[in-house]
Amino acid sequence: MVYQVYPRSFADSDGDGIGDLAGVIGRLDYLADLGVDAIWLTPFYPSPLNDGGYDVSDYTGVDPRLGTLADFDALVRGAADRDIRVIVDLVPNHCSSEHPLFAKALAAPPGSAERALFLFRDGRGPGGDQPPNNWPSRFGGQAWTRVPDGQWYLHLFDSSQPDWNWRDPRVAPMFEEILRFWLDRGIGGFRVDVAHGLFKDPDLADVADATLTNRPSAYYHREETHAVYRSWRRLLDSYPAAGFPGPRTAIGEVWADSADTLRPYLEPGGLPQVFNFELVRARWSARALRAAIDATNAFADGSRAPWVLGNHDVDRPASRWGSAAARAAALLLLALPGSAYIYQGEELGLPEVTDIPDSARQDPTFRRTGGKVAGRDGSRVPLPWDRDGASYGFSRTDAASSPAPPWLPQPAGWGERSVAAQDGDPDSFLTLYRRALRIRREHPALGIGPASGSAMRWRQAPDDALHFGRDPGFAFLANLGTAPLRLPEFREVLLASGPLLPGEAGLPGGSLPSDTAVWLAV
């Protein structure tokens with residue numbers, strides 16, 4: 001299981017209100033106790049933080065607010081001592097507008113080699129006053145910004161995130177050097193941001209639907225992208241395993257509009273893994289979830305298309321589906337064959353925070369849409385570790401003065417959802433995740449180890465239930481209906497997401513309440 005760490009919101013070691021690498025180091029025992037195999041660190045690079053660090057100004061450094069390269073090396077060593085790999089976030093589609101190469105491009109004239117590293121174009125219409133095409137920014141507004149000499153540059157996200165021109169022969173070697181820099185420091189691999197977006201239509205032609213809400217293949221997913229990942233795969237495979245079983249890895253963030261769009265990324269010699277977001281997008285219904293699972297199983301096993309319920313870009317499962325459903329979904333996630341990713345705070349059942357003052361919001365989506373879209377800040381609020389205190393244990397300091405307020409405000413009562421409040425509570429989210437991950441490691445049917453069952457088989461169940469088995473001797477059952485569901489024959493209840501109901505008079509076993517899942521030994 002891979003645990004996603006959003007460093008600015010995980011743990012603050014020096015009391016400045018911003019989580020840092022030393023804070024992660026200080027909580028490694030917590031992660032080991034949870035049962036983590038690897039951690040994925042979202043960007044910690046030097047950045048003006050216009051998009052939470054995904055606007056990178058230096059790909060081979062650590063933002064001073066988060067620590068130093070020595071801190072990073074200590075994190076990798078400390079994680080390895082606990083049999084935990086470190087995966088770092090790579091952002092190859094775009095950089096920060098404060099990146100030195102973009103600064104040189106702005107200072108250079110149109111048509112220069114400096115500008116060729118990015119996607120500068122002349123505008124359309126009289127005087128070039130119109131953008132070069134009708135592409136929208138994924139954060140709202142248009143995907144082009146004009147510079148003083150009249151040209152425009154492309155940014156599929158915020159204007160502070162200019163897109164690299166991957167058709168320029170200098171870009172690919174530059175990123176291979178970046179890969180080597182971090183691999184040489186002993187990391188286990190990379191999570192590749194916007195992995196589908198590197199190459200654009202060479203003509204930068206208009207698209208028929210300028211909103212592109214449900215059709216990312218309209219201007220992403222170019223065939224040329226796969227050659228890049230084949231070269232990265234060769235590079236990854238050339239490195240020793242750094243003390244862990246298996247080679248170094250990479251997982252692509254690929255938002256696709258169909259399985260056919262996603263399938264080419266998993267061809268032999270390509271990316272080792274690609275996220276599947278089917279469960280993230282599914283409604284909480286047996287029909288929708290089964291369709292989501294079948295859609296992935298139809299073209300990839302779970303070890304190459306890992307399962308995920310949430311991340312730093314989407315509303316938290318406890319708010320999307322409800323608390324009881326989120327507990328059941330956790331057991332579903334960890335019962336499916338293959339790898340699983342958990343976003344920090346999911347193991348605490350944290351909800352989406354919706355009452356953030358407008359003045360405190362930092363997501364560029366909120367700004368670029370004039371507040372019409374709240375953005376992603378609600379899933380990035382700093383974690384609560386303690387029941388009490390100014391930041392519920394998020395900030396630790398030995399200084400006489402109080403720590404600075406967290407960079408995003410925590411809601412009242414956040415401490416009741418903290419690690420301290422849930423630790424030792426047999427009915428807490430945290431206890432559920434700890435038990436599930438322990439069983440997942442130990443049961444021969446679960447996980448992705450050589451002894452685990454690699455397949456699942458749907459079992460007969462009512463339309464509003466999910467029921468499947470894995471060999472040897474494991475079954476999953478979830479009741480998504482409104483009426484209690486009688487349990488099938490079983491040898492032992494391994495784990496349930498909530499209390500079971502007693503069986504009917506004269507019948508063995510028991511019943512499963514609504515929005516409850518159970519693991520059974522059969």
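Let me start with a term: a residue is buried if its relative accessible area is under 20%, exposed if over 50%, and partly exposed in between, using a 1.4 Å probe and protein chains only. By that rule R434 is buried, because its relative accessibility is 18%. Keep that residue in mind.

Now, what are we looking at? This is a predicted model, where local features need pLDDT of at least 70, side-chain atom pairs count only at pLDDT 80 or more, and totals for chains, interfaces and linings use all residues. Residues are numbered from 1 along each chain as its sequence is written, and side-chain values use heavy atoms, with hydrogens and water left out.

Salt bridges next. The rule is a side-chain nitrogen of Lys or Arg within 4 Å of a carboxyl oxygen of Asp or Glu. Searching the whole structure gives 28 of them. Back to R434. Its salt-bridge partner is D423, with the closest N and O atoms 2.7 Å apart. R434 sits in helix α15, residues 429–442, while D423 is in the loop between α14 (419–422) and α15, eleven residues apart. Helices here are DSSP runs of H or I with at least four residues, strands are runs of E with at least two, and both are numbered from the N terminus. D423 is partly exposed, at 46% relative accessible area.

Buried or exposed, R191? Buried, with a relative accessible area of 2%. E253 is buried as well, at 5%.

D206 lies in the loop between β7 (189–192) and α7 (224–237), R124 in the loop between β4 (120–121) and β5 (144–146), and 82 residues separate them. D206 is partly exposed at 40%. R124 is partly exposed at 36%. There is also a network of salt bridges, linking D51, D313, D363, R376 and R380.

On to the strands. In general, strands of a sheet pair through backbone hydrogen bonds, either parallel or antiparallel. Here, two strands count as paired if DSSP finds at least two bridges between them. Look at β13, residues 465–470. Six of its six residues are buried, so the rest of the structure largely encloses this strand. A465, H467 and G469 point one way; L466, F468 and R470 point the other.

Which strands does β13 pair with? One is β12, residues 457–458, joined to β13 antiparallel by two bridges. There, R457 has G469 as its bridge partner. Six residues lie between β12 and β13 in their hairpin. Another is β14, residues 474–479, antiparallel to β13 over six bridges. H467 has L477 as its bridge partner. The hairpin of β13 and β14 has three residues between the strands, and G473 takes a positive phi near 70 degrees.

A second sheet is open, with three strands in the order β15-β18-β17 and antiparallel pairing. β15 (485–486) and β17 (501–502) are at the edges with a single partner strand each, so one side of each has no neighbour in the sheet. L501 has S511 of β18 as its bridge partner.

Now a helix, α7. Its 14 residues should span 20 Å, and its end C-alpha atoms are 21 Å apart, which agrees. The expected span is 1.5 Å times one less than the number of residues. Buried residues of α7 include V228, Y229 and W232. The buried residues of this helix pack against β3 (85–90), α6 (171–183), β7 and β8, where contact means heavy atoms within 4.5 Å.

Last, rings. Rings of Phe, Tyr and Trp (its six-membered ring) pair if their centres lie within 6.5 Å; planes under 30 degrees apart are stacked, over 60 edge-to-face, and the rest tilted. The count is 32 aromatic pairs. Y45 and Y59 are a tilted pair, 6.3 Å centre to centre with 50 degrees between the planes. Both are buried. F474 and W519 have centres 5.6 Å apart and planes at 75 degrees, so that pair is edge-to-face. F474 is in β14 and W519 in β19, residues 516–521.
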